[in-house]
Amino acid sequence: MIPAGNGPYWLVVVIFVVLAGSVTFAGMESLGEGNVAAALLLVVPVVVVPIVLLYVAHSSRHGAFLIGEGELKIKGFRGRSVALTKLALDDARGLDLKQEKEFAVKGNVQGTKMPWYKAGSCRLRNGEKAMVYLTDERRALYIPTTEGYVLLMSVNQPREMLKALKEAT
């Protein structure tokens with residue numbers, strides 16, 4: 001998978017600073033009223049939200065697609081394994097989603113959808129169900145499956161990845 005840049009980490013820092021400032025302000029108001037329980041509950045967003053966002057940011061930079069043991073293993077956020085026999089490799093191809101917009105993600109993603117990273121299940125603009133793992137929309141590999149959905153994933157060299165998948169089957 002093509003790693004995302006440093007943008008995900010900077011977003012986490014900005015969100016943390018905003019949350020910390022908001023919680024500090026709200027916490028001071030609660031403590032001023034003697035409501036310690038409410039002040040402690042405000043700490044949760046400052047701890048939980050950044051941890052979740054750091055996990056997503058980490059996944060966007062450290063995901064991988066591994067071929068072996070008769071399957072394609074997808075490492076990262078919303079990772080999974082797909083048997084190579086379920087991939088319709090003859091219909092697979094490399095795409096530039098900036099040019100071929102009918103294959104772009106439409107609407108919500110059940111997973112994560114950020115400008116630099118999309119991972120999870122969704123619909124494409126052409127109506128197909130898809131599992132997407134995208135960090136670079138200009139270098140995507142489109143692989144239909146026999147299970148009623150397509151895989152759409154960012155890889156450095158789509159042709160070489162497709163060749164490796166075909167050789168492994």
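Author: Start with burial. Buried means under 20% relative accessible area, exposed means over 50%, and partly exposed lies in between (1.4 Å probe, protein chains only). At 7% relative accessibility, tyrosine 142 is therefore buried. This is a predicted model: local features need pLDDT of at least 70, side-chain atom pairs count only at pLDDT 80 or more, and totals for chains, interfaces and linings use all residues. Residues are numbered from 1 along each chain as its sequence is written, and side-chain values use heavy atoms, with hydrogens and water left out.

Reader: What share of the 169 residues is buried?

Author: The figure is 40%. For the surface, accessible areas come from the Shrake-Rupley method with a 1.4 Å probe; for residues, only the protein chains shown count as cover. The protein has about 9,400 Å² of accessible surface, and carbon and sulfur atoms hold 57% of that.

Reader: How many helices and strands does the protein have?

Author: Helices (H or I, at least four residues) and strands (E, at least two) are DSSP runs, numbered from the N terminus. Here there are 4 helices and 9 strands. Along the sequence the pattern reads α-α-α-β-β-β-β-β-β-β-β-β-α.

Reader: Which strands make up the open sheet, and in what order?

Author: Two strands pair if DSSP finds at least two bridges between them. The open sheet has 3 strands in the order E1-E2-E3, with antiparallel pairing. Strand E1 (64-68) and strand E3 (80-83) are its edges, each pairing on one side only. On average, neighbouring strands of this sheet are turned by 20° against each other, direction ignored. Between E1 and strand E2 (residues 71-75) there are 5 bridges. Isoleucine 67 has leucine 72 in E2 as its bridge partner.

Reader: Which helix lies across E1 and E2?

Author: Axes are lines fitted to C-alpha atoms, for helices over the stretch in contact, and angles run from 0 to 180 degrees between N-to-C directions. Contact means heavy atoms within 4.5 Å. Helix H4 (residues 158-168) lies across both strands, at about 25° to E1. As for contacts between residues at least 6 apart in sequence, 50% join residues at least 24 apart.

Reader: Is lysine 118 buried or exposed?

Author: Lysine 118 is buried, at 10% relative accessible area. Its place is in strand E6 (residues 117-124). A polar contact is a pair of N or O atoms within 3.5 Å; within protein, one must be able to donate a hydrogen and the other to accept it, and residues adjacent in sequence count only if both atoms are side-chain atoms. The lysine 118 side chain makes one with the side chain of glutamate 137, at 3.0 Å. Leaving out residues up to four places away in sequence, lysine 118 also touches others, including Val105, Thr112 and Tyr133.

Reader: How many aromatic pairs are there?

Author: A pair of aromatic rings is described by the distance of the centres and the angle of the planes. Rings of Phe, Tyr and Trp (its six-membered ring) pair if their centres lie within 6.5 Å; planes under 30 degrees apart count as stacked, over 60 as edge-to-face and the rest as tilted. The count is 2. Phenylalanine 65 and tyrosine 133 form an edge-to-face pair, 6.3 Å centre to centre with 75° between the planes. Phenylalanine 65 lies in strand E1 and tyrosine 133 in strand E7 (residues 129-134), so the pair ties together parts 68 residues apart in sequence. Phenylalanine 65 is buried at 11%, and tyrosine 133 is buried at 1%.

Reader: Why is the pair of phenylalanine 103 and tyrosine 142 edge-to-face?

Author: The planes stand at 65°, so the pair is edge-to-face, and the centres are 4.9 Å apart.
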